[in-house]
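Colleague: Hi! I'm new to this one, could you walk me through it?
Modeller: Happy to, here it is.

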Amino acid sequence: MAELLQPHSATLFWETCDDDPWGQRHEAYYFEDLTDRIPSNAFVMFKHYYWDFHPGWPRHPLYDTMTKDANGRSPYVVSLQQPGEYQGSHDFPWCQVDEWSSVFRGMLASGQQGIWVVALVHPDGWDHPLNLVNWYALARYLRDPLADPHEIKRTWARECFGAAAADVAIQIL
């Protein structure tokens with residue numbers, strides 16, 4: 001399919017779909033030796049965790065098998081979700097800044113070419129007000145994948161609540 005898209009300067013994103021440990025182990029087996037065989041206009045997207053986007057589960061086993069090409073790149077793209085449907089979606093505060101720091105650092109270390117963000121906007125509102133730190137963090141990590149998570153939270157809290165209340169806001173997160 002990627003070869004059919006090349007004359008049109010188009011890109012193929014192939015999303016792996018297994019979200020359970022057994023299926024993801026099979027995906028790791030199927031995709032482990034394909035780095036040099038996947039066309040330059042194709043990327044394999046995979047979910048960061050087992051069981052869809054559940055935090056606390058092990059990261060996808062592709063991290064353990066993906067290889068880089070001669071330029072230090074791999075044709076893989078990790079997928080994460082904001083807001084997390086398993087973290088109360090939009091109704092409860094759930095700070096993901098620290099967790100995403102490891103996701104973005106893992107992306108860099110494994111030579112991935114980017115991150116696919118599944119962004120869900122609630123029809124009755126944007127998100128829990130304290131979860132706006134997650135949206136802010138995504139923007140910061142996209143510009144600087146090595147950004148300090150504590151500094152991200154501190155800057156966001158200062159901008160939203162002022163310098164005097166920033167430390168308390170961070171503790172609540």
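Colleague: Let's start with H4. How many residues does helix H4 have, and how far does it reach?
Modeller: This is a predicted model, to be clear. In it, helix H4 covers residues 97–109, which is 13 residues, and spans 18 Å from its first C-alpha to its last. That is close to the 18 Å expected at 1.5 Å a residue.

Colleague: Which residues of H4 are buried?
Modeller: Val97, Glu99, Trp100, Ser101, Val103, Phe104, Gly106 and Met107.

Colleague: And what covers the buried residues of H4?
Modeller: The cover includes helices H3 (62–65), H5 (132–143) and H6 (149–161). Strands E3 (76–82) and E4 (115–119) are also part of it.

Colleague: What happens just after H4?
Modeller: Gly111 takes a positive phi there, of about 80°.

Colleague: Changing topic: how many aromatic pairs does the structure hold?
Modeller: There are 6 aromatic pairs. One of them joins Phe13 and Phe43, whose rings are stacked, at 5.6 Å centre to centre with 20° between the planes.

Colleague: Where in the chain do Phe13 and Phe43 sit?
Modeller: Phe13 is in strand E1 (residues 12–15) and Phe43 in strand E2 (residues 42–47). The two are 30 residues apart, and the pair links distant parts of the chain.

Colleague: Is Phe43 buried or exposed? And why does Phe13 count as partly exposed?
Modeller: Phe43 is buried, because its relative accessible area is 18%, and buried means under 20%. Phe13 has 37% relative accessibility, so it counts as partly exposed.

Colleague: What about Tyr29 and Tyr30, why is that pair edge-to-face?
Modeller: Their ring planes are at 65°, so the pair is edge-to-face, with the centres 5.9 Å apart. Both Tyr29 and Tyr30 are exposed.

Colleague: Which residues do ring pairs link into a cluster?
Modeller: Phe13 and Phe43 again, along with Trp116.

Colleague: Back to helices. How do H6 and H7 cross?
Modeller: The axes of H6 and helix H7 (residues 163–172) come within 8 Å and cross at roughly 130°. That angle makes H6 oblique to H7. The crossing is right-handed.

Colleague: Which residues make the contact between H6 and H7?
Modeller: H6 contributes His150, Lys153, Arg154, Ala157, Arg158 and Phe161. From H7 come Ala163, Ala165, Ala166, Ala169 and Ile170.

Methods:
Residues are numbered from 1 along each chain as its sequence is written. This is a predicted model: local features need pLDDT of at least 70, side-chain atom pairs count only at pLDDT 80 or more; totals for chains, interfaces and linings use all residues. Side-chain values use heavy atoms; hydrogens and water are left out. Helices (H or I, at least four residues) and strands (E, at least two) are DSSP runs, numbered from the N terminus. The expected span of a helix is 1.5 Å times one less than its number of residues. Buried means under 20% relative accessible area, exposed over 50%, partly exposed in between (1.4 Å probe, protein chains only). Contact means heavy atoms within 4.5 Å. Rings of Phe, Tyr and Trp (its six-membered ring) pair if their centres lie within 6.5 Å; planes under 30 degrees apart count as stacked, over 60 as edge-to-face and the rest as tilted. Axes are lines fitted to C-alpha atoms, for helices over the stretch in contact, and angles run from 0 to 180 degrees between N-to-C directions. Angles under 35 degrees count as roughly parallel, over 145 as roughly antiparallel, 65 to 115 as roughly perpendicular and the rest as oblique. A crossing is left-handed if the near helix is turned anticlockwise from the far one by less than a right angle, and right-handed if clockwise.
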